[in-house]
Amino acid sequence: MRFLLLLSALGLCWAQYSPHTQDGRTSMVHLFEWRWVDIAKECERYLGPKGFGGVQVSPPNENIVVHNPSRPWWERYQPISYKICTRSGNEDEFRDMVTRCNNVGVRIYVDAVVNHMCGAGGGEGTSSTCGSYYNAHKEDFPAVPYSGWDFNDGKCHTSNGEVQNYNDANQVRNCRVTGLLDLALEKDYVRTKVADYLNHLIDIGVAGFRLDAAKHMWPGDIKAFLNKLHNLNTKWFSAGSKPFIYQEVIDLGGEAISSSEYFGNGRVTEFKYGAKLGTVIRKWNGEKMAYLKNWGEGWGLMPSDRALVFIDNHDNQRGHGAGGASILTFWDARLYKMGVGFMLAHPYGFTRVMSSYRWDRNFQNGKSKNSWSQPRNEKGLKRSSASSHFTVLNLRIIMSVYFFRALSTTLQTGLPAGTYCDVISGDKIDGNCTGIKIQVSGDGRAHFSISNSAEDPFIAIHAESKL
């Protein structure tokens, strides 16, 4: 297997499509609901040394506090103001995290909630993470400030002000989603307030943004506030660098809005990726791993240089937000590892690994159960894979364990002779392997053996895992 270094997400290195990762770092991790102080430590202790490119953090702005009966994760998606003040930490802690992560080469991408404020039923008072007053009934958010003039009520023509028909693009973009107060982003005042918030984060040192609910904003409105953004902080980024943008657009086909409408603004989350790959790995609908030899655009996915890909995200791992039952999560540990391994070994898209926790459905209950320790060892696959060899070696290995068969075979790797560490079962540390060792002969061939009951259902070696 001939290894190629992928730079800035498959060679795309301009404007808002580049994640601004350091050379050779081609994957990010979503540290969902982590505290800023813990992310800073994770960057220094693990992510930086292990070569991860960046971290997606939860929304850092002030949000409503929901007691329902405990504090659900989704309260983070109901803004009250743009103050940096949440249960993940305050602004000083956020600044410290951004600085420490950037200093070890790990970029910070903020989950930006700018389509809406809190729900219409959010009441009145100071029940928010920073204590700011608001009145949801009157659409009054003085800490921004926003008033009733700044929302889309007059543009939505449904009976209840909610999106009722996803085949009507005007409804999807002008009406409320599940009662959330929809901002009028066609107004320059609102665009400026959004840009001020994002610019504050850019000046601190963040590298880019996930635009939450981008499907519910007009592409032109997004472009208008993106045009107001500063260049990235030159302490860590080249002069003139634009923030990395990736937009949440759920497009599984069959609706009025398509992902391609948003390509002009940045990358787009490819929800079909996890849904289709999950169907294959679960062996549903007659699908087979062998069919993945033309994975990517050949399967109807968006162009690779516009795609942000993932196996699961914070929404669909909880059974909603697109993808359905085929979505793989850490509850199906063996299959999940296969999905993450495949994603990181395949050159399509810019990849995001999920770090989550054990949950009681929709509630953030604080019981830590990371789906994280195993996939993080696989990140070296992404930057070391060449598509021409992917189907030859990786698919043969994965297909064997896919059918829960024992594997014992010799394969052509294309690697120089030597001893390599399997990065799934361990690491290369101090000139030795903590897991399985693989010997590659002078002709590039190596013998692979995997039990049909192995907890780790595949083996992975790459150029940098050579002793």
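## Salt bridges across the loops

E186 counts as partly exposed, with a relative accessibility of 32%. K155 likewise counts as partly exposed, at 31% relative accessibility. In this predicted model, the side chains of E186 and K155 meet in a salt bridge, with 3.4 Å from N to O. Because E186 lies in the loop between β10 and α4 and K155 in the loop between β9 and α3, the pair ties together parts that are 31 residues apart in sequence.

A search of the whole structure finds 22 salt bridges. Another of them joins the side chains of R176 and D153, at 3.1 Å from N to O. This pair links distant parts of the chain, for R176 is in the loop between α3 and β10 (180-182) and D153 is in the loop between β9 (134-135) and α3, 23 residues apart. D153 is partly exposed, with a relative accessible area of 36%.

E75 is buried, its relative accessible area being 0%, whereas R87 is partly exposed, with a relative accessible area of 27%.

The pair also belongs to a network: E33, R71, E75, R76 and R87 are joined into one by salt bridges that share partners.

## Nonpolar cores

The largest nonpolar core has 110 residues. Within this core, the residues with the most contacts are I39, F94 and F209. Helix α4 (residues 188-204) supplies the largest share, eight residues.

Which residues are in contact with I39, leaving aside its neighbours within four places in sequence? They are L31, W34, V55, V57, M97, C101 and I108. A second, separate core has eleven residues, and V440, A446, I450 and I459 are among them.

## The enclosed helix α5

Helix α5 (residues 219-226) is largely enclosed by the rest of the structure, because six of its eight residues are buried. The buried residues of α5 are P219, D221, I222, A224, F225 and L226.

What covers the buried residues of α5? The covering elements include the helices α3 (169-174) and α4, together with the strands β11 (208-211) and β12 (244-247).

## Aromatic pairs and a cluster

The structure holds 17 aromatic pairs. One of them, formed by W73 and Y77, is edge-to-face, with 5.9 Å centre to centre and 80 degrees between the planes. Both partners are buried: W73 has a relative accessibility of 4%, and Y77 has a relative accessible area of 7%.

The pair of Y134 and F141 is stacked, because the ring planes are at 5 degrees, with the centres 6.4 Å apart. Y134 counts as buried at 2% relative accessibility, and F141 is buried with a relative accessible area of 0%.

## Arginines over rings

In two places an arginine is set over an aromatic ring. The charged end of R306 sits over the ring of Y17, at 3.9 Å from the ring centre. R352 lies over the face of F310, and here the distance from the ring centre is 4.5 Å.

T269 lies in strand β13 (residues 267-269). Is T269 buried or exposed? With a relative accessibility of 2%, T269 counts as buried.

Which residues does T269 touch, not counting residues up to four places away in sequence? They are Y246, Q247, E248, V249, M302, L308 and F310. F310, touched here by T269, is also the residue whose ring face lies under R352. T269 and V309 are 40 residues apart in sequence, yet their C-alpha atoms are 6.2 Å apart in space.

Technical notes. Residues numbered from 1 in each chain as written. Predicted model: local features only at pLDDT ≥ 70, side-chain atom pairs only at ≥ 80, totals over all residues. Heavy atoms only, no water. Core = buried A, V, L, I, M, F, W, Y, C linked by side-chain atoms within 4.5 Å. Buried < 20%, exposed > 50% of the residue type's maximum accessible area, 1.4 Å probe, protein only. Helix = DSSP H or I, 4+ residues; strand = E, 2+ residues; numbered from the N terminus. Contact = heavy atoms within 4.5 Å. Salt bridge = Lys/Arg side-chain N within 4 Å of Asp/Glu carboxyl O. Phe/Tyr/Trp six-rings, centres within 6.5 Å; stacked < 30°, edge-to-face > 60°. Lys NZ or Arg CZ within 6 Å of the ring centre and 35° of its normal.
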